[in-house]
Amino acid sequence: MRLLPKDKEVGWLPYLWLIYLVMLLIFSPWQPNTRVASILTPVSAIIFLPLYFRGYWVKGRQLLWITACITLLGVALAPLNPGAAVYFVYAAAFAPKIGDTKTAAKIIAGIVVVIVAESVLLHLTPYFWTYALVFTLMIGAVNTHFAQRARDNQKLLLAQEEVERMAKIAERERIGRDLHDVLGHTLSLIVLKSELASKLADKDPARAAVEIRDVERISRETLAQVRATVRGYQSRSLQAEAEQARAALQAAGVEVLCDFPPATIPASHEGVLALALREAVTNVIRHAGARSCNLRLEQTSSACCLEIKDDGCGELEPEGVGLSGMRQRVEALGGSLRREISSGTRLVITLPVTSQ
C-alpha cells in the first residue's frame with residue numbers, strides 16, 4: 001500500500017512537510033492542563049495523518065472535505081496547544097488544489113476568519129494566532145502561485161499536443177493531396193501512351209517502341225516524384241511541368257497552345273502552381289473531351305496568374321479531391337482560384353508575389 005501516489009509532481013516532499021508537526025510537541029508542555037493536552041495532541045496527530053496522505057490522492061469536493069476536517073482539528077486543539085496552528089497551515093496548503101486561484105483564495109480567507117474568530121473569542125495566546133496567520137497566509141499564497149503555474153503549464157502541454165495533432169493531420173492531408181496530383185496525372189499519361197503504343201504495335205513498331213520507352217521513363221520519374229512528395233519537396237519546376245503537360249495533352253490528341261515565359265517567383269508558389277497545372281491538365285485529359293487547350297502564365301509586379309482553358313464539355317460539377325486540394329493550397333498562400341464554365345472550362349489561379 002502506497003502512502004503517496006506515484007506522481008513525479010508529488011515526489012517525496014510530503015514526507016518532509018510533516019516536520020511541522022514538531023510544533024505540537026514544542027508548545028504542548030507550556031500549557032496549564034498538560035495532561036489533557038498530552039493525550040489529545042497525539043490523538044489529533046493520529047487523526048491528521050490519514051487525512052494528510054489522503055489529500056494527495058483526491059481532488060475537488062473530496063479534498064475540500066479533507067481541508068475542512070484538518071481545519072476542525074486545529075480549532076479543537078488550539079485552546080490546549082498553540083502548536084495546533086500547524087493544522088491551519090496544512091489546510092491552507094491543500095486549498096489551492098481544490099480549484100482555481102479564486103476558489104483557493106476564498107478557502108484560505110475562510111481559514112483566516114476561523115483563526116481570527118477563535119483567537120478573539122477564546123483569548124488565545126499570541127503564539128497561536130501570530131504563527132497561524134503568518135504561515136497560513138504565506139504557505140497558502142505560495143502554494144496558490146505554484147498550483148496556478150502548474151495549471152498553466154498543463155494547458156500549454158495540452159495546447160502543444162493539440163497543435164502537434166493538427167500538424168500531423170494537416171501533413172497527412174497534404175501528402176494525400178500531393179500524391180493524388182502526382183499519381184493522377186502521371187498514371188493518366190502512362191495509360192494514354194500505353195494505349196497509343198498498343199495501337200501502333202502493328203502499323204508502326206518503331207513508333208510504338210518510342211512510346212513504350214516514354215512509359216518507362218515516365219514511370220521512373222513518377223517513382224522519384226512520389227518519394228520527393230512524401231519528403232515534402234517538389235521535384236519539378238513550373239517550366240518542366242508545363243513541358244510535361246504539353247506532352248500529355250499531345251499524347252491525348254489535344255492541340256496545345258503554351259505561353260509560359262520564364263517567371264521569377266518563390267519556390268513555394270512555383271510548387272503550388274506546378275501541382276495546380278498538373279491537376280488541371282489531368283482533368284482536361286480525363287473529363288473534358290477537349291480538342292484544344294491553352295496554357296498561359298503571366299507575371300506582374302504583384303501577382304502571378306496561371307490560366308488553363310479548354311474547349312471541352314464544360315460541365316459544372318462539384319469540386320473533386322484534386323480541385324479542392326488545389327484550392328486549399330492556393331488560398332493558403334493568399335491566392336485565389338476561379339473556375340468558369342463557358343464554351344469549355346477556364347481555370348484561373350492567381351498568387352500574390354513580388355518580382356525578384
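Author: Before we start on the helices, a word on axes: they are lines fitted to C-alpha atoms, for helices over the stretch in contact, and angles run from 0 to 180 degrees between N-to-C directions. This is a predicted model, where local features need pLDDT of at least 70 and side-chain atom pairs count only at pLDDT 80 or more, while totals for chains, interfaces and linings use all residues. Residues are numbered from 1 along each chain as its sequence is written, and side-chain values use heavy atoms, with hydrogens and water left out.

Reader: Fine. What makes α4 roughly antiparallel to α5?

Author: Their axes cross at roughly 165° and come within 8 Å. Angles over 145 degrees count as roughly antiparallel and those under 35 as roughly parallel (65 to 115 is roughly perpendicular, the rest oblique). That angle therefore makes α4 roughly antiparallel to α5. Helices here are DSSP runs of H or I, at least four residues, numbered from the N terminus.

Reader: Which residues of α4 and α5 make the contact?

Author: Contact means heavy atoms within 4.5 Å. On α4 you have L63, T67, I70, T71, L73, G74, V75 and L77, and on α5 there are Y87, F88, Y90, A91 and F94. These divide into 10 nonpolar, three polar and no charged. Ala, Val, Leu, Ile, Met, Phe, Trp, Tyr, Cys and Pro count as nonpolar, Asp, Glu, Lys and Arg as charged, and the others, Gly among them, as polar.

Reader: And why is α4 called roughly parallel to α6?

Author: α4 (residues 60–77) and α6 (residues 101–122) pack at about 15°, their axes 11 Å apart. That angle makes α4 roughly parallel to α6. L64, T67, T71, G74 and V75 of α4 touch I107, I111, V114 and E118 of α6. By class, that contact has five nonpolar, three polar and one charged.

Reader: How do you know that α5 and α6 are roughly antiparallel?

Author: Their packing angle is about 165°, with axes 9 Å apart. So α5 and α6 are roughly antiparallel to each other. Here F88, A91 and A92 in α5 meet I108, I111, V114, I115 and E118 in α6. This contact has seven nonpolar, no polar and one charged residues.

Reader: What makes a set of grid points a pocket?

Author: On a 1 Å grid over the protein atoms alone, a pocket is an open set with protein on both sides within 12 Å along at least five of seven lines, and lining residues have an atom within 4 Å of a point. The largest pocket holds about 1300 Å³ of space. Of its 33 lining residues, E9, V10, Y56, K97 and A147 are the closest to its centre. The largest share of the lining, 11 residues, comes from α7. By class, the lining divides into 23 nonpolar, four polar and six charged.

Definitions and conventions:
Helix = DSSP H or I, 4+ residues; strand = E, 2+ residues; numbered from the N terminus. 1 Å grid on protein atoms, 1.4 Å probe; cavity = no way out; pocket = protein on both sides within 12 Å on 5 of 7 lines; lining within 4 Å. Points joined across faces, edges and corners; volume = space filled by probe spheres on them.
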